Structures are given as C-alpha cells and as structure tokens.
Amino acid sequence: MRKAFITILILLYLHNAYTQTTQQYDSLKNLIRSSKDDSTTFYRTVDLIWAYIPSNSDSATLYVQQNILLAQKMKSDAALFMGYAQYAALEQINGNYSGALQYGLRGLRAAEHTNNFISISEEYFILADIYREAGDYAQAIYNLRKAKHLLESKLNPVFEHENPETASRYVNCLVLAAQIFETFNQLDSALQYANNAHDLSLKGLGKWGTSEDTLYFSLKLDPIIGNIYSKNGDYYTAITYYRAGAAIASGNTNLIDNYNGEASIFKKRGQLDSSIFYANKVLELSKAAHYLMGKLQALNLLSDVYTLEHNTDSVAKYLELTIETKDSLFNTKKVMEIQSISFNEQLRQQEIKDQQEKYQNRLRIYLLAGGLLVFLLVAAILYRNNRHKQKAKVKIEKAYEELKSTQAQLIQSEKMASLGELTAGIAHEIQNPLNFVNNFSEVNKELLIELKDEIKKGNTDEASAIANDVIENEEKINHHGKRADAIVKGMLQHSRTSTGQKEPTDINALCDEYLRLSYHGMRAKEKEFNATLKTDFDNTIGKMDIVPQDIGRVLLNLINNAFYATNEKLNHYSSQLAAGYKPLISVQTRKINNKVEIRVSDNGNGIPEKVSDKIFQPFFTTKPTGEGTGLGLSVAYDIIKAHAGEIKVLTKEGERIEFIITLPLKMTQAI
C-alpha cells in the first residue's frame, strides 16, 4: 500500500513537472521570436537548448545546430565556443563520446581565439568530464589539470574576495576531480578532493559565494561522497549522503543518481525489498528524464536482485528491458552520428565559403598592390627617360626569374627523389597493419556468428565472453588501422609543400619513423643489403615546436646518404675486407641545456676533411655524376638555419662520418 501511494505521488510530481516544462519551452520560444538581432536570438536559444537537453535530445540537436550556424554568421568566437560546448554536452548525454570529443575540441579552439581564460578552462573541464565517462583516466586527469591550473593562476592564494565566476569554476574542478578519482576507485584521493570542494564552498559564503552556490555543490557532491563510502563498505554513512542529496535534488537526474546509490546499498546489505523499491523509483523518474545510463543501472540492479530471489520471471522481464534500453541508447547514438555527419558537412561547406571569401579579399589586395607597383614602375621609367637602362633591367630581371625557376625545379627534383626513396618502404610498412586488420576482421565475423548462436541458446556467460573477445579484436583493429593511417599521413606530409607553420612534434618519433622508412626504401632497391640500426633517444626532450615536414626532409636526406655510403663501401671493398665489414647507422638525440642535439652517423667511407667545409654549398656533391643533384645538404642547411639552429659535420676519411644538428628547445608541456 505504501509503495502504491508513493508511486502515485511520483506520477503527480512528473505530471506537474511536465506541465511546467512545457510552459517554460513556450515562454523561451516566444522570447526568441521577439528577438531583434542575431546576438539576442543566439543567447535566448542557448537557454532553450539547456532546457531541452535533459528531456528532448532531438529538439536540442536541431536548435544547437541552428545556433552554431548563427554563431558562424555572427563571426563570434565566444558564441561558437558556447554552441560547440552545448553540442558536446548533448553528444555526451547520448553516449556518443567520439562526437562529444569532436565538438569539445572545436569549442576549445574557439575559446582559445577569445583569449578568455574562463572559457578556455570551461572547455578543458568539459573535455575532462567526457574522458571520464568514456573511461580514459589519463586524458580526464590531463584536461582537468589544464582547467585547474588555468584558474589557479588567477586566484588569490588566500582564496578570499575572489571573482565569483573564477572561484565557483575552481570548486567545480575539485568536484570533478573527486568524481574522476571515485570512478576509477582511487577513493582516498576522491574523498580528499570532495572535502576540499565542500570546505571552499562554505568558506566562500559572504565573500565570493552565496547559499545557492553551496547548495549547488552539495547537490553534486552528495552522490559522489555516497559512492565513496559505499565502495569502502561504510553503508550507513553512504545512505546518509544519498538521502541528503535526494532531499535537495533539483531535477530527476540528481534523484536518479541518489536513488540508484541507495538501491545498490540495500542490495549489498541483503535488504532486497528496499533495493527493488528504490530501483523502481528510478524507473518511474526515467520516464520524464533523458538519462538512459541511470535507467540502465536500475534495470541491471533489478535483474541482479531478482536473480538472488530466484524469481526467474522477473529476471527475464528485466533482462529484456535492459536489452531494449541498450538498443535505445545505441539507436540514439546512431541517429546522433547521422545528424552529426550531416551537420559537419554543413560546417565544411561554410568553411569553404569563408575560405573563398578570404581568397577573393586577398586577390583584390594583390591586384591593387600589383596595379600600384606597375604605376610606380611606369612613372620611374618616364621620369628617368633612359630606355637603354630599362631594357638592361628587364633582361636582368628575366635572367633572375629564370635562375630562380631553375633552382626551384632542382629543389623540387631533389624532394621528389627523396620521396621516391621513401615510397619504396611504404608498401612493406603498411602491409603489416593491413594484414592484422584483415585477419582480425575475419575472426570477428566468426565470433559474431557464434555470439548469435549463444544468445539464441540463452547462454549469456558464453555470449559475454565472446563479446569481450570481439571488443579486444576491435581494439587491435583500431590500433593497427591508426598505425597504417599514421604511415600514410607521414608520407603525405613529406610530399606536401611546407606551410612553414611550426607545431609541437615528438622529435624522437620523427627520427625513428624516417630511419625505418629509409631503411625499407634502401632494401627495396638493394635486396641483399643489411645494416645494423642503432638508436639512442633522450626521452626527457618532450615535444618541440618545429616544422615537421622540413625537419623530416633533413633527416631523410642524412639517413639516405648514410645508407648510400655504407652500401658503397660494402660494394667497393675487396671480398676479404667486406667479409668483416658490417654497415652501422646510428641516430641519437640529446637534451643539452635549452637545446636539442640530433646526431646521424655511419661507418661508411666518410669524406676528405679538405672538402668538409664545401658540402653545404649548392650543387656540391661527392657522388658520381648523375647520382645526385648536390642540393640535398644545401636545402638541409637552409632548413636548420630557418629553425635558428646549426648543422655541422665530423668525418674521418675511410672510416666514418657524423652530422650534428642543434636546435633550440621549445617544448609543449602538460600543465
């Protein structure tokens, strides 16, 4: 009787909540229709989206896509940040974590363009929460630290009289830290962060915070602390926090988290009727809340409880509901993915349009500048009235342009020659991961057939084991697919014309990649060639700000020369000497003060010391005629100088040669 009475109260509450929510939607839509400019329309639509997200993802998706397009039209990075943040939240709620990360990262780029540390820290916070739900502990902690340290840099150490927005977001970071550590069962750290968040929220009363802030943080902290005590076996304290959280809950989602916690504890204590009661309350609330993960947790718990009671009919019922809910979740994800693909295409078309407009503007500027230049040139010719000198000048300019064109063609020829040597090794490198992908795909096909058979038989344990095998195989397929993708991207990056844009790059990985590809390229030309490859990388270097295409070309040129030199020595020595000679190629990196040193050496014939100061001159080469343009080391020298570095050579004729590259260190570090 008591259960029925409470159920009626819950239904009445849900009906009233639905009526109030509908009125809220209508009110917000009326405000949007009355907006007089794009900015007002945008920010009023933001409020409508937040209202829709918990209960109507379809409407929320429609409005958030419209709002992002409006933000692009407004050319406002602040509006774009907010639009992408809402889209990320929507994808996260629907379990589409890849989509959530995609829009979270777009939001971060937009936030960085605003130079607003509040917006940037908020986007890092959003990314941390997405990674937490996706199960990536390392990335969750990394992004949370970025948000936390950014806020700490603006806070007073005493933490009094702070900007309310900054202080509140900092406490939010502590709350999320507690949630992350609780999710990954680091319970001592979780409790420490939860207590710190609670203490700071109380300390802020009357200074930078309000009683509403304290209530908000308690609302978020109570289920987290309850989970911590529940996992530690302190069920009494856990229930105290769950009930405190339920008492102040401002929405169905908060109630669901606390009720699920209570249901779980009652199950652990053997109070199965109470566990069933709270789980059923969750199911009633989930009818009005778009919170499938909370509903799924309750259904799993009911299935377990009825299993303990040996109630096979109820077990079958809730297992079927669990499967339906999972299907609903995945179907929702599929719909979201389709919508996301369509919307991404719209964004791409908009970006193309923006690029075309920029190109047209640049073209107009160039034409104007060109016209002005021609006018000045004609004026100078008329003013000097010297046709003979003008003709000579034209001839000189023409000869200069022809010289530049010839030099550019030779440089391109050198680049394409190195690309050809690189390409020879690509087939071998890429075939290996593709074989893995094909093999694991065949195995997965067989496993999925077995899985269907086991499901039909009702053998859930065996079906679960097969599913785990499929998941592991899919992870391997993903790993090897990314490996093949990285190889192809590396080749494309090498072949592209350099943009001159520096980016954080792992110099050790770059050296290792070009060493392997160059070796396979050499083996493709010389089937019998073998060499010992020696690497000694300094792992403390981290990432450097360099132009990876350019530095890659330098490395490829030096390593190709090393293989050429050792092969020449092997071919031209007498058989007696060659029998004891083994080609050795060595690549080393070292961090020395604020610089990075890269050494590429080989035990080939070296070069005479008398010509060592000429090897970086254009068109100078020690190779036979027709086997080299003499531009490789000249281009390498120019690239290193453009990076504010230096390159030098140490050689001992007949024994070895070593190239030493020194670059200034400019690391991209985690905060």
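This is a predicted model: local features need pLDDT of at least 70, side-chain atom pairs count only at pLDDT 80 or more; totals for chains, interfaces and linings use all residues.
Let me begin with the charged side chains. Side chains of opposite charge can pair when their charged atoms come close. A search of the whole structure turns up 15 salt bridges, and I will take a few of them in turn, starting with Glu658, a residue of strand S7, which covers residues 656-664. Is Glu658 buried or exposed? Glu658 counts as buried, because its relative accessibility is 8% and the cut-off for buried is under 20%. Its salt-bridge partner here is Arg656, with the closest N and O atoms 3.8 Å apart, and Arg656 is partly exposed at a relative accessible area of 33%.

The side chain of Glu658 also makes a polar contact, at 3.1 Å, with the side chain of Arg599. If we ask which residues are joined through salt bridges in this region, the network links Glu597, Arg599, Arg656 and Glu658. Setting aside neighbours within four places in sequence, the residues in contact with Glu658 are Gln588, Arg599, Val600, Ser601, Lys648, Val649 and Leu650.

Where do Asp512 and Arg516 lie? Both belong to helix H18, residues 507-525, and they sit four residues apart, which is about one turn of the helix. Asp512 is partly exposed at 28%, and Arg516 is partly exposed at 33%.

I turn now to the aromatic residues. A pair of aromatic rings is described by the distance of the centres and the angle of the planes. The structure holds 14 aromatic pairs. One of them is the stacked pair of Tyr87 and Tyr103, with 4.1 Å centre to centre and 15 degrees between the planes. Because Tyr87 lies in helix H4 (residues 77-93) and Tyr103 in helix H5 (residues 97-114), this pair ties together parts that are 16 residues apart in sequence. Tyr87 is buried, with a relative accessible area of 0%, and Tyr103 is also counted as buried, at 0%.

Another stacked pair is made by Tyr229 and Tyr241, at 5.9 Å centre to centre and with 10 degrees between the planes. Here Tyr229 lies in helix H10 (residues 211-231) and Tyr241 in helix H11 (residues 235-248), so the pair connects parts that are 12 residues apart in sequence. Tyr241 is partly exposed, with a relative accessible area of 27%. There is also a cluster, in which ring pairs link Tyr137, Phe181, Phe184 and Tyr193.

Tyr359, Leu363 and Leu367 make a nonpolar surface patch of about 300 Å².

How values were computed:
Residues are numbered from 1 along each chain as its sequence is written. Side-chain values use heavy atoms; hydrogens and water are left out. Helices (H or I, at least four residues) and strands (E, at least two) are DSSP runs, numbered from the N terminus. Buried means under 20% relative accessible area, exposed over 50%, partly exposed in between (1.4 Å probe, protein chains only). Contact means heavy atoms within 4.5 Å. A polar contact is a pair of N or O atoms within 3.5 Å; within protein, one must be able to donate a hydrogen and the other to accept it, and residues adjacent in sequence count only if both atoms are side-chain atoms. Patches are made of residues with over 30% relative accessible area and no salt bridge: like charges are joined within 9 Å, nonpolar side chains (Val, Leu, Ile, Met, Phe, Trp, Tyr) within 5 Å. Accessible areas come from the Shrake-Rupley method with a 1.4 Å probe; for residues, only the protein chains shown count as cover. A salt bridge is a side-chain nitrogen of Lys or Arg within 4 Å of a carboxyl oxygen of Asp or Glu. Rings of Phe, Tyr and Trp (its six-membered ring) pair if their centres lie within 6.5 Å; planes under 30 degrees apart count as stacked, over 60 as edge-to-face and the rest as tilted.
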